[in-house]
Amino acid sequence: MKIIKALLFVLSCACSVYAQPDHLITVSGDTLQGEIDILLPTDYFEEINFKGDQGKRRYKAFQFVGFQKDGEFYKSIKHSNKYRIMKEVAGGYLGLYLYRSDNSFEFGSRFLYKISNEGLEVPNINFKKAVSKFVSDCPSVEAQVLDRTYKASNLVDMVAAFNDCLNRQPLVQRVIEEGPYEPVVIVETEELRLINAISEKLKTESISDELSTLLKDITSKIEKGEKVPGYLQSALKEETQEHKSVQQEVNDLLTALK
C-alpha cells in the first residue's frame with residue numbers, strides 16, 4: 001500500500017508539472033501564459049501558435065524574445081537569413097542551442113551564441129580553428145579547445161568553463177585606434193524616401209510593437225547600404241496588410257528592394 005501511495009504521489013507531481021502553462025516573452029517585454037505549438041519552419045519564417053486568454057494568435061520568431069514550453073526554454077536568435085527558434089541546451093553569457101536546419105522539424109543542429117549577439121554554427125570541419133577563435137576571450141578555454149580537451153562531444157562542459165572564466169575575470173576591452181571620427185552622411189535613397197513616407201503616415205494610426213520594430217530594422221539596413229533580407233520584406237507586407245493608407249508605398253518599396 002505504501003508503494004502504491006508513493007507512486008500515486010509521484011504521478012500527481014508529474015501531472016502538476018506538465019499542467020503548468022507555457023510562457024511567451026514578446027519583443028515588447030510582455031509575458032503571456034497559455035499554450036504554445038511550434039510550427040514547421042519555412043524558408044523565410046519560423047513561427048509558433050499561441051493560445052491564451054485573448055484567443056489564438058500566430059507569432060513569428062522576430063516578434064518574441066523566447067518562450068518556455070513543457071519545461072524547456074527556447075530563444076529567438078537570428079542566424080543566416082532569418083530569426084530562428086532555438087532550444088536551449090546550456091545557458092549563460094555563452095549558450096549552446098539546437099536549431100532546425102533545412103526546414104526540418106527536428107532540433108538537430110548546434111549553435112553557440114553569446115549575449116553580445118555573436119553566433120557560431122558548430123562546424124563538423126575545422127572545429128578547432130572555428131571554435132577556439134570564438135572563445136578566444138578566455139585564453140584558457142581557447143587553449144583547451146586547441147589541445148582537444150574540449151571537442152564536439154563535450155560542448156556543454158566548454159560552455160560552462162567559458163562562462164566560469166568570464167565570472168572570474170571580466171572581458172578585456174579592446175580599443176582600436178582608427179583616427180579621427182568623421183560624420184556619417186546618409187544619402188536619402190528612393191527606398192529611404194518610401195519608408196519615411198510609410199512611417200509618417202502610420203504615425204496617425206495605431207501600430208503594433210512588431211511593426212514598429214520591423215520598420216526600424218529595415219531603415220537601419222537601408223541606411224547601412226545592406227540588402228534587406230527576404231524575410232523582412234515578407235514580414236513588412238504581412239504586417240501592413242491592415243493599413244490601407246500605406247499600401248502603395250509598401251508595394252513601391254518592395255519593388256525597389258528587389
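How many bridges join β5 to β6? Four bridges join these two strands, and they run antiparallel. The model in which they are seen is a predicted one.

The chain has 258 residues, of which 37% count as buried. Its secondary structure comes to eight helices and ten strands. Among contacts in the chain with a separation of 6 or more, 43% are between residues 24 or more positions apart.

The strands β5 and β6 form a hairpin, with two residues between them. Within this pairing, Q68 stands opposite F73 in β6. The loop between β5 (64-69) and β6 (72-79) holds D70. The phi of D70 is near 50°, a positive value in a residue other than glycine.

Strand β1 covers residues 22-26, and its pairing with β5 is antiparallel over four bridges. Here T26 has F64 in β5 as its bridge partner.

Strand β3 spans residues 47-52 and pairs with β4 in the antiparallel sense over six bridges. In this pairing, I48 stands opposite Y59 in β4.

Strand β4 leads on to the largest pocket, to whose lining β4 gives the most, with three residues. The pocket has a volume of about 250 Å³. It is lined by 13 residues, and those nearest its centre are R57, S208, E238, E239 and E242. Two elements give two or more residues to this lining: β4 (55-60) and α7 (230-239). By class, the lining has two nonpolar, five polar and six charged residues.

A disulfide is a covalent bond between the sulfur atoms of two cysteines. The count for this model comes to one disulfide. The bond joins C138 to C165, with an S to S distance of 2.0 Å. The pair links distant parts of the chain, 27 residues apart: C138 is in the loop between α2 (127-134) and α3 (139-146), while C165 is in helix α4 (residues 155-168). The disulfide is right-handed, because the torsion about the S-S bond of C138 and C165 is about 105°.

Are the two cysteines buried or exposed? C138 is buried, with a relative accessible area of 0%. C165 is buried too, with a relative accessible area of 1%. Buried means under 20% relative accessible area, so C138 at 0% falls in that class, and so does C165 at 1%.

The loop between α3 and α4 contains R148. The phi of R148 is near 70°, again a positive value in a residue other than glycine. R148 has a relative accessibility of 49% and therefore counts as partly exposed.

Definitions and conventions:
Residues are numbered from 1 along each chain as its sequence is written. This is a predicted model: local features need pLDDT of at least 70, side-chain atom pairs count only at pLDDT 80 or more; totals for chains, interfaces and linings use all residues. Side-chain values use heavy atoms; hydrogens and water are left out. A disulfide is a pair of cysteine sulfur atoms within 2.5 Å. Buried means under 20% relative accessible area, exposed over 50%, partly exposed in between (1.4 Å probe, protein chains only). On a 1 Å grid over the protein atoms alone, a cavity is a set of points where a 1.4 Å probe fits but cannot get out, and a pocket is an open set with protein on both sides within 12 Å along at least five of seven lines; lining residues have an atom within 4 Å of a point. Grid points are joined across faces, edges and corners, and a volume is the space filled by probe spheres set on the points. Ala, Val, Leu, Ile, Met, Phe, Trp, Tyr, Cys and Pro count as nonpolar, Asp, Glu, Lys and Arg as charged, and the others, Gly among them, as polar. Two strands pair if DSSP finds at least two bridges between them. Contact means heavy atoms within 4.5 Å.
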